[in-house]
Amino acid sequence: MGDLVIRRFKIVALGLITLGLATLAVVMALPTHTPAAPARLPRIGFLSPSWSNQQGQVYPQFGKALAAAGYVEGRNVSVIARFAEGRDSRLPGLVAELVSEKVDVIVALQPVGALAARRGSSTTPVVFLSVSDPVRIGLVESLRRPGGNITGVTNTPVDLNRKRLEILRDAVPALSRVAILARTGNPNSQAQLADILVTAKTFGLDGRLYNVKGPAEFEAAFARMAIDEMQAVLLVQDGVLFFARAQIIELALKHRLPLIADGRVYARDGAFLSYGISDYATLLSAAVAQIDMILRGVPAGEIPVDQPMDIGLAVNLQTARALGVPVGRTLLMRADDVFE
Amino acid sequence: MIPPAGFALRGGVSFKVALTLVVAVSTALLVSGLSEIYFSSSALRAQLGALQRTEADAAGSRIALFVDEIVRDAATITNLPGDQAAADLRVEAQLLLRRNPAISHVSLVDEVGREQLFVSRFELDRVAGEAPGQAPAPVAHDGGAAFGPVYFRQETEPYFTIALPRREGRAGVALFDVNLKSVWKVIRQIQVGQTGYAYIVDRTGALVAHRNVSLVLRQENLSQRPQVARALAALVTDGGDRAKVEGGPLTGTGEAGMPVLAAFAPVPHLDWIVFVEQPLVEADQPVEAAIRRISTLLVAGLVIALGVSLVLARRIMAPVRALRAGAERFAAGELDHRIDVRSRDELQEVARQLNDMAAALSDARNTLEHKVEERTRELELANRAKTRFLAAAGHDLRQPVHALGLLISSLRLTLGREDQRRLADQADRATDSIRELLDNLLDVSRIEAGISHPSLQVFPVDRLLEQVEFTYAPEAAAGGIDLRVVRSGCHVRSDSAMLARILLNLAANAVRNTQHGRVLVGARRAGALLRIEVWDTGVGIPAQHIETIFQEFFKLQGAPNSGGLGLGLYIVKGLADQLGHPISVASRPGKGSVFRISVPLAEPSPAAAPVADSLGRPLGGRTVLVVDDDPAVLEAMKGHLGLWGCAVVAAPSATEAATVLGPDGPKIDLVLCDYRLGRDSGLDIVNRAAARSIPCILITGDTDPRVQREAEAAGISVLFKPVQAGKLRSAIAALLSREGATRG
C-alpha cells in the first residue's frame, strides 16, 4: 500500500510540478511591452544635390543631431549618404539606390533633392531640409498636413526677404537703389522675387534683379551693379549661392556694396548683415525629431512641416567699417550677433 | 500489497498528509503572494503616479516660469511713459524681440482698438494708422496679464497672446504674440517610462501641447477623457490653487482608448493643466514581474512542500505499513510475529494492542491444538484396539474354521447316506457363512491397515463374471431370483483378486437385497473404460442414504436379513478406491438399484495367455509337505490332500520341516506352510524350500500386513485362513502348472 501511495504521490507531484512550470512558462511568456530591439538597424538615407565636402558641414552636423536624439550610427541606426555633386540629373539614380537599400526614411536637402526623393519613391518617407517654401513648389499639400509621404523643415517660418529689405533700409542711410542677387534656377527664389520687388517699391526703393546661374556669373553681375550704381545687395537665399558665399562677400566688399543675406554664417564670413536662421543645427534637430516620429511609425504625411523660429540678426562691424557704413546704436542693440 | 479495492488509495494517510501540507503551503504562498502583488501594485502605482505628478509639476513650473519671464520682459513696453514717440516704442519693441525669442510680435492697441504699433520678427513693422483697428484683447480686471487661447500662425506655429494693460496713464493694451514651440519642447521632452507622454489642455479641455503635435494642430478637445474631466472639475472647485489640487494618480483613457495611469498639475496663473500619462500595461510591468516572481516562489514552494510531505508521509507510513504487514501476518496465522513500531505515539499503542491480541490468540490456538491432539490420540488408540481385536479375532477364529471346513469336506466324502450328506452340506454352508464373515473382517482390517498392493495385470473380465455366476447362481436359484450374468470378451487392467472381491460383494449385495425379480450383471464399453454393472430389482436405496451406503456397518432399515455385518459395500468402496476404479450407484426405492464400477480396458497381452483351468488339473502323484503346528489342521489338510490324490508329508514343527527339506529328505513337489509355527516363522521354511526351487504356499490366519509384505517380497503365494477347499485346490493347481510350465 505504501508503495502504491507513494507512486501515486509521485504522479501527483509530477503533475503539480508540471502544472507549476507551465504556469511559470506562461507567466514568463507574457508580453513584456518593452519594444523589442529591431531585427535590423533602422536605415536613414541622406541625399544631397551638392558635394560631399561642401555639404560636409551639414552631414557631420546631421550625425551630431542624430546622436543628440539618441541615435548612434552603427549602434541603433545606420546612415547611407548619397551626393549628386552639383549634377541634379544624378539625383533620381541616387534616390533609386537609397530605395533599393531599403532605407526607412530619406533625408533630402534643397528643393531639387526633396522633389527628386518624393518622385523616386511613393512608399519611402521623405524628410526635406533647406527648403524655404515647400507649399509653393508643390512639395507638400499644406504645412499642417503635408500629405503623401513627406514632411520636413523649412528654412524660415516665412519669406524673410521683405524683412531683410526693411532691416537694410533701416541700417543703410539714404538707401535708394538695391540690387537683388538671386539664382532664379531655384524655384523658391523665383517665387519670392515678385514680393521682394513689390516691397522695395513700397519702401520707395529701386530694386533690381541680378540673376546668376552660378559662381561663373558673379563677376559680371557685380560689375553690372557697379555700373547701375547700386547702393546695397540683398541676397536671395539659395544653396548654390550659399556655398559660393566667399566669392560673393569678396565681390561685395570690392564693389563697396553692403550685403544682407539669410544665414548667420554670411555675417560671420564678412557680409555686412545677415537675418535668418541663427543656427542650422536647430533645423537638423527638428528634422531628427521628425525622423524619430517616422521611425516610431507615424506616417510622414501626418507630421506637420516644422518651421524654424530662432531668427537672428548679425552684424559684421569690420565690414561696416571697411564699407564706411555707420552702425547705429539701435542696430547694435538689435543684433543677436556682432562680429568685430 | 494491493489492498481491498477502493478505500486505501483514495484515503491513504500519506496522501491526506501531503494534500494538507501542500494546500497549507500553497495557500500561505498564494495569500502572501497575492497580498504582495496587491500592495506592491498599489504602492507601485502610487509611486509612479507621484513620479508623473512630479514631472507634471516640473513642467507646469517651467511653463509658468516661461510665461512669467515674458510678462516681466513685456513690462519694459507697458511701463514706458505715455508720451513716448512711436519710433522709440518701435526700437523698444525690437529690443524686446531680441531679448525674448519666444515673442514674435508686439502690438500696442489703444482703448478703442486702434493699432498704434506693430513690430514683428517676420513681417514688416507698422506704425500708427497703417493698419485697421481690431477689438482690444481682454485684460484681467486686476490689471494683470490676460492669456488668450492657442491659435496657429503659418498653419503650424502655435501661438497665444498675452495682453497687458499699459501703464503710466496710457489707455489701451500691449499685445504679445508668444510662440509656444518652447512649451511644446518642454512637453516633448517629458518621457515617462518607455511610452509615457505629456500634454497640456486649457480650461476648455482643448489641447495646447502634446508630444504628438498633429493632435494639437487638429485642435482636439480632450474634455471627454475621464482624467481630463476630473482635473477640470478639480480646477474649478479649487480655484486653480495648485497646492490644493490633488493631481492624481488616477486612471483614465489615452489615445485609442488605451487605459493609462495619469497625473496632472495645473500651470500657475494659466488655466492650463499639464498631464503626464503612462499606459497601464507599461506601468504594471513591475507588477507582472512580481507576479512572475511569486509564481516562481509558488512553484518552488509547492515542490518543497511536496518533497517534505513525501518524507513526512514516508515517516508516518512506516509504522502504518508495519501495522498493516503485521496484521496481514496475523491473518495468515503467524501469531508469533510481533509488530515493531517505536513511533512513541498512538500507532505504537495500536501495535502493542495488536501484539497482545496476537498473543492471546496464539495461546487459545495452542490450547485448542493440544486438545485436538489429545482427542486424536485417543481415537487412534481406540481404532488401533479395534483393529487389533479384528486381527486377533480373525486369526483365532480362522484356525478352527479352517480346520472345520476341511474336516466337513473330508467328512462328506466319507459319508454314505443321503440324509447324512445333506447334513454335511448344511454344515458346510454354515461354515461358508462363517468363512465369508471372516473374509469380510479380514478385508476390512486390511483396508483399514492401509495395505494395498494392487498387482495390476491384464486379464479377461469374463473370468470374474463366470466366478460371480458360479458363486451366486445356487443362492439365487434357492431364493427364486433370476440371476443373469452377461458374459464379456473384454480384457481389463486391474488386480483380478481385488476386482473379484468387489464384484462378488456387489453381486452378493444384489442377490441378498432382492426378494423377487432378478439380478443382472453385465459389462459395457464406455470409451477407454469397461463399465461393469450390477442391476437388481430389490428394495432400492432411499435418496438420503445414497451418500452413506458405502460406510462400514451400514445396513438398510427393513432390508431382508442378509446375515452380513454391513461391511460389503464398505469393502467394495475401499477396494475400488485402492484400485482407482470409480464406483457409482443409482437407485429408485422400491424399484431397484444399479452399481457401476469402471475399469480400464486393455488389449490382451501375450503373457496373459489363457492358463489352463487349474480346477480341473489333476494333482495326483504329487508329494506335498504340509507344515502346521496345529494337529487338527494338519490332520484335515492331510485328509483333504489325500483325497485329491496327493502324497502328504506332514511336519508339525519347523525343525521337522527343515529335516524333510534337508538334503536327505524325500522329493517334495510343493510346500504348504503355516506362518506361525510356535516361536518359529513359516517364512524360514518357505525360504528354505524356495532355495530348492520348490513352490510354496504360505497359509496364515494373521492379518498383519507385514506377513503378506514379507511373503510377497520373497515371491511366495499367501493364502489366508480359513481356506476353502476349492480355493486351496486351485491355488495348488496354479502353482504346480506354473512350475510345470517353467520346467517344461
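Predicted model: local features only at pLDDT ≥ 70, side-chain atom pairs only at ≥ 80, totals over all residues.
Why does Gln227(B) count as buried?

**View 1. Gln227(B) and the residues around it in chain B.** Gln227(B) sits in helix H6, which spans residues 226-238 of chain B. Its relative accessibility is 0%, and because buried means under 20%, Gln227(B) counts as buried. Look for the side chain of Gln227(B) reaching the backbone oxygen of Thr253(B) at 3.0 Å. Leaving aside residues up to four places away in sequence, Gln227(B) also touches other residues, including Tyr199(B), Leu250(B), Val260(B) and Phe275(B).

**View 2. The buried face of helix H2 in chain A.** Within H2(A), residues 58-68, the buried residues are Val58(A), Phe62(A), Ala65(A) and Leu66(A). Seen down the helix axis, these buried residues fall within an arc of 100°, so they line one face of H2(A). They pack against strands S1 (43-48), S2 (78-83) and S3 (105-109), along with helix H11 (280-295), of chain A. On the other side of H2(A), you will find Lys64(A) and Ala68(A) exposed. After H2(A) comes Gly70(A), with a positive phi near 95°.

**View 3. Helices H12 and H13 crossing in chain B.** The axes of H12(B), residues 496-512, and H13(B), residues 568-579, come within 9 Å and cross at roughly 150°. Because angles over 145 degrees count as roughly antiparallel, that is how H12(B) runs to H13(B). The crossing is left-handed. Among the residues making the contact are Met498(B), Ile502(B) and Leu506(B) of H12(B), and Leu569(B), Val572(B) and Leu575(B) of H13(B).

Notes:
Residues numbered from 1 in each chain as written. Chains lettered and ligands numbered in written order. Heavy atoms only, no water. Helix = DSSP H or I, 4+ residues; strand = E, 2+ residues; numbered from the N terminus. Buried < 20%, exposed > 50% of the residue type's maximum accessible area, 1.4 Å probe, protein only. Polar contact = N/O pair within 3.5 Å; in protein donor to acceptor, adjacent residues only side chain to side chain. Contact = heavy atoms within 4.5 Å. Arc of directions from axis to C-beta. Axes fitted to C-alpha atoms, helices over the stretch in contact; angles between N-to-C directions. Parallel < 35°, antiparallel > 145°, perpendicular 65-115°, else oblique. Left-handed = near helix turned anticlockwise from the far one by under 90°.
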